[in-house]
Amino acid sequence: MPEGIALPGNRWDLLDGREATPTVSVVVAHYEQPAQLARCLAALAGQDHPRDRLEVIVADDGSAVPPRVPAGVRLVRQADEGFRLAAVRNLGAAHATGEVLVFLDADTVPEPGFVRELTRMPGLAPDVVAVGRRRHADLADAPAVADVRGVVAGRELPEPAWLADAYRWSRDLLDADDRSYRHTIGAVLACSRTMFAAAGGFDESFRAYGGEDWEWTYRAWLRGAVLAHVPSAVAWHDGPDAGAREGTGQADRNAEAMLLSELIPVPCSRPRGLPTMRVDIAVTAPEGASEAAAFVSVDSVVAAVPGSAAVDAADLAAGRGVLDRVRLHLEIVRPVRAAAGLHAVVERVVQEGLGVASLTGEDGAVLLRIRSLRAAAREARWERDDLFPRTTETAGAVRALVGEPDVAAYLGGWG
């Protein structure tokens, strides 16, 4: 069981007023950016987080000339095999010793309170994944100083409006949902070692700019992460947002979206009609049912819930392969016939952030359970069952199958 505070739902606000000073490892990803790296490292030397609780690691992605780092900063390197940001972040994390990991890019310069502000919540509650506020400025020829706030005046560039709007609408991600992974930025990200291990490292199959941070955050969300935006943790990126950069076009954004559509099977990310590599909603058959009853039960549930797929219960428990991104488990407990209204019940479970919704028959026996695997992962980690609401209600969207069903009548629609 991890140390720290177990939070219900996405309630990072329950940490308000609490302070923490964890040991922190800052992993700075770098490739052929000596001037930008010097500015980043100078700003890290000026952090107000206690020096004896702060470790800085430069993770170099195979620069032709190894970067120069000051005394006390560790340098780890990998061979230049093309763009490997995900891999180099993993390399830095593998050498880190802090309780909390902070990921920065070399072209991003933190204000003095950045580390302290960003790591407070992960230091208190290890499920928290915190994203800072990345602002933008033209820092070309700017000096390397401990406090960047004296340098950026007159150099500011616009912040992306879509991201600012998302933070405002979600109350700094307090109202996060299954799509909020899109509002995290790998260049200003912090998490506990516990959460990094639970989610697994960054996916090293990413070999082009963008997307690896969103994909990692989605896996962390499924493993029970609490998402939080910390606007007081400010770091300045040298140059405009990617969407405004010269040379970043629609083709690049399309390639990122299509790659993520195969890796993140949640609605509005996955393809609309094409099959996906991974399962989003898993449906398992009732134990001990006849072959016909199991067939009707599973088929009718899958038909009623878009994005669902029939899976083997043992394979789901192992979470391997295409089942490693399952968001919801629809466990058919007793043979049932599902109706179209089941989809609305499933959506309500998501919208209300429930851990388990049990649908019962008129006799009170459970027919079907809808489980959030995000909730299950966090509660298993803390060995608790009270971190997400649970409901039990009489089923209207499913009815019990009595006796052996007539499969031909079910398929044909006359019975």
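I took contact to mean heavy atoms within 4.5 Å. With that cut-off, and skipping residues up to four places away in sequence, I found Leu157 touching His136, Ala137, Asp138, Gly239 and Pro240.

Ground rules: this is a predicted model, so to speak of local features I need pLDDT of at least 70, and side-chain atom pairs count only at pLDDT 80 or more, while totals for chains, interfaces and linings use all residues. I number residues from 1 along each chain as its sequence is written, and side-chain values use heavy atoms, with hydrogens and water left out.

Back to Leu157: I placed it in strand S7 (residues 156-157); helices (H or I, at least four residues) and strands (E, at least two) are DSSP runs, numbered from the N terminus. Buried is under 20% relative accessible area, exposed over 50%, partly exposed in between (1.4 Å probe, protein chains only). Leu157 comes out partly exposed at 28%.

Next I looked up salt bridges (a side-chain nitrogen of Lys or Arg within 4 Å of a carboxyl oxygen of Asp or Glu). The count is 31.

I checked Glu159 with Arg135, whose closest N and O atoms are 3.5 Å apart. Glu159 sits in the loop between S7 and helix H4 (161-169) and Arg135 in strand S6 (residues 128-137), so this pair ties together parts 24 residues apart in sequence.

Which residues are linked in a network of salt bridges? I got Glu215, Arg219, Arg278, Asp324 and Arg325. Within it, Arg219 and Glu215 meet at 2.8 Å, N to O, and both are buried. Asp324 pairs with Arg325 at 3.5 Å; Asp324 is partly exposed at 24%, whereas Arg325 is buried at 4%.
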